[in-house]
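User: I am new to reading protein models. Could you take me through one, feature by feature?

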Amino acid sequence: MAKQKYAKESQTIMTEMVLPNDTNTLNNLMGGRLMHWMDIVAAIAAQKHSNRIVVTASADSISFKQPINLGNVVTLRSQVTRAFNSSMEVFIEVTAEDIPASKKIMTHRAFFTFVAVDQNGKPIEVPEVLPESEEEQELYDGALRRRQLRLVLAKRMRPEDAVELKSIFNLDEK
């Protein structure tokens, strides 16, 4: 297996149309359906990067600021931003398009974490991510802070051990 892969190699684009069965009583896309689609597009990106079966480890907060309406075309773009041992952070961006009205809006962004597993379900090492573009580099650089924050919130890391977060929250100045 390759020790390194370019971030763009994992890019995945998925398109769905919001149909009546996907909506709530206000004719907006149900949040659970959107999260389902986000999980799928992110898992595909993680599989492309790792060439392995992957499992969802976490999904960062998903805010529902903008409703997606019945009949909208939803485009979900995902890409692995950084890899750590067996886990990968995947960035997802969602846009909704009202084709007849020629309106397109970015509605959601999120980071999901996946773990690559072997045939026995045990975590397995994944290739390192090589960012190329400025945006890929920014996402890569921020991934370690986001990972440490996830671990602290999950009580899997002590706040004082989260070195990348200390400078943001001035934890060294006590």
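User: How many residues lie between S5 and S6 in their hairpin?
Analyst: Start with the terms. Helices (H or I, at least four residues) and strands (E, at least two) are DSSP runs, numbered from the N terminus. Two strands pair if DSSP finds at least two bridges between them. Here the S5 and S6 hairpin has four residues between the strands. Ser102, in the turn, has a positive phi of about 55°. This is a predicted model: local features need pLDDT of at least 70, side-chain atom pairs count only at pLDDT 80 or more, and totals for chains, interfaces and linings use all residues. Residues are numbered from 1 along each chain as its sequence is written, and side-chain values use heavy atoms, with hydrogens and water left out.

User: How many bridges link S5 and S6, and in which sense do they pair?
Analyst: In a regular strand, side chains alternate between the two faces of the sheet. S5 and S6 share 12 bridges and pair in the antiparallel sense. In S6, Ala110 stands opposite Ile92. S6 (103-117) is also joined to S3 by six bridges, again antiparallel. There, Thr113 in S6 stands opposite Ser58.

User: Which strands pair with S4?
Analyst: S2 (residues 12-17) runs antiparallel to S4, with six bridges. Thr12 has Ser78 in S4 as its bridge partner. S5 (residues 87-98) pairs with S4 over 11 bridges, also antiparallel. Arg82 has Glu89 in S5 as its bridge partner. The S4 and S5 hairpin has two residues between the strands, and Asn85 takes a positive phi near 40° there.

User: Is S4 mostly covered or mostly open?
Analyst: Learn the cut-offs: buried means under 20% relative accessible area, exposed over 50%, partly exposed in between (1.4 Å probe, protein chains only). S4 (residues 73-84) is mostly covered, with 11 of its 12 residues buried.

User: How do I read a helix? Which residues of H1 are buried?
Analyst: An α-helix has 3.6 residues a turn, so residues three or four places apart point the same way. The buried residues of H1 include Leu34, Trp37, Met38, Val41 and Ala45. H1 (residues 31-50) has 20 residues and reaches 28 Å from its first C-alpha to its last, close to the 28 Å expected. The expected span is 1.5 Å times one less than the number of residues. Asn51 follows H1, with a positive phi near 55°.

User: What is the volume of the largest pocket?
Analyst: Rolling a probe the size of a water molecule over the atoms shows where empty space is left. A pocket, on a 1 Å grid over the protein atoms alone, is an open set of points where a 1.4 Å probe fits, with protein on both sides within 12 Å along at least five of seven lines; lining residues have an atom within 4 Å of a point. The largest pocket has a volume of about 310 Å³. It has 15 lining residues, and Ser87, Thr113, Arg147, Leu151 and Arg156 are the closest to its centre. S3, S5, S6 and H2 each supply at least two lining residues.

User: Which element gives the most to the lining of the second largest pocket?
Analyst: The second largest pocket has a volume of about 240 Å³. Of its 13 lining residues, Gln11, Gln79, Phe91, Glu135 and Leu139 are the closest to its centre. S4 gives the most to this lining, with five residues.

How values were computed:
Grid points are joined across faces, edges and corners, and a volume is the space filled by probe spheres set on the points.
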